[in-house]
Amino acid sequence: MKAVNYLNIIVDQFHPSMAFVFPTGNGILQQDNAPCHKALIVLEWFEEHTDEFHLMSWPPNSPDLNPMEHIWDAMEQQLRVQTPCPNISTLCDC
C-alpha cells in the first residue's frame with residue numbers, strides 16, 4: 001500500500017473513529033514497521049495529532065510482539081505431526 005493511500009484511510013476512517021471512541025484523546029494506536037506506516041507524510045500527520053491519541057512505537061525486527069506469529073507457529077507444529085492427507089478433498093477428514 002502506498003503511503004498516500006494509507007494516510008487517506010487514517011484521515012477518512014481511523015481519525016473520526018478514534019475521536020468518537022476516545023473523545024478525551026486517550027486512545028492508543030500501534031502500527032508495525034510497514035513502509036507506509038513509516039512514511040514521512042504519515043509520521044508528520046501523526047505528529048500534528050499527538051494531542052488526540054498516542055502513537056506507540058514498534059521496535060524493528062520484533063515478530064515476537066505479534067501474537068499471530070505464535071499462533072501460526074503452534075498450528076504448523078501440530079500439522080507437521082499429523083498424518084499427511086493424500087489430497088485436498090480428504091483434508092477435512094484428516
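Of the 94 residues in this chain, 21% count as buried. The model is a predicted one. Its accessible surface comes to about 7400 Å². Carbon and sulfur atoms account for 60% of that area.

Next, the fold. The chain holds three helices and two strands. Read from the N terminus, the order is α-β-α-β-α. Take the contacts between residues at least 6 apart in sequence: 69% of them join residues at least 24 apart.

The largest nonpolar core has 13 residues. Those with the most contacts inside this core are Y6, I10, F14, V42, W45, F46 and F53. Two elements give two or more residues to the core: helix 1 (3-21) and helix 2 (40-48). Helix 1 supplies the largest share, six residues.

Leaving aside residues up to four places away in sequence, F53 touches F14, H15, M18, G25, G27, W45 and F46. Among these partners, F14, W45 and F46 are also listed with F53 as residues with the most contacts inside the core.

Then turn to the surface. M68, I71, W72 and M75 form a nonpolar patch there. Together these four residues have about 390 Å² of accessible area. M68 lies in helix 3, which spans residues 67-81. Buried would require under 20%, and exposed over 50%.

Technical notes
Residues are numbered from 1 along each chain as its sequence is written. This is a predicted model: local features need pLDDT of at least 70, side-chain atom pairs count only at pLDDT 80 or more; totals for chains, interfaces and linings use all residues. Side-chain values use heavy atoms; hydrogens and water are left out. A nonpolar core is a set of buried Ala, Val, Leu, Ile, Met, Phe, Trp, Tyr and Cys residues joined through side-chain atoms within 4.5 Å. Buried means under 20% relative accessible area, exposed over 50%, partly exposed in between (1.4 Å probe, protein chains only). Helices (H or I, at least four residues) and strands (E, at least two) are DSSP runs, numbered from the N terminus. Contact means heavy atoms within 4.5 Å. Patches are made of residues with over 30% relative accessible area and no salt bridge: like charges are joined within 9 Å, nonpolar side chains (Val, Leu, Ile, Met, Phe, Trp, Tyr) within 5 Å. Accessible areas come from the Shrake-Rupley method with a 1.4 Å probe; for residues, only the protein chains shown count as cover. A salt bridge is a side-chain nitrogen of Lys or Arg within 4 Å of a carboxyl oxygen of Asp or Glu.
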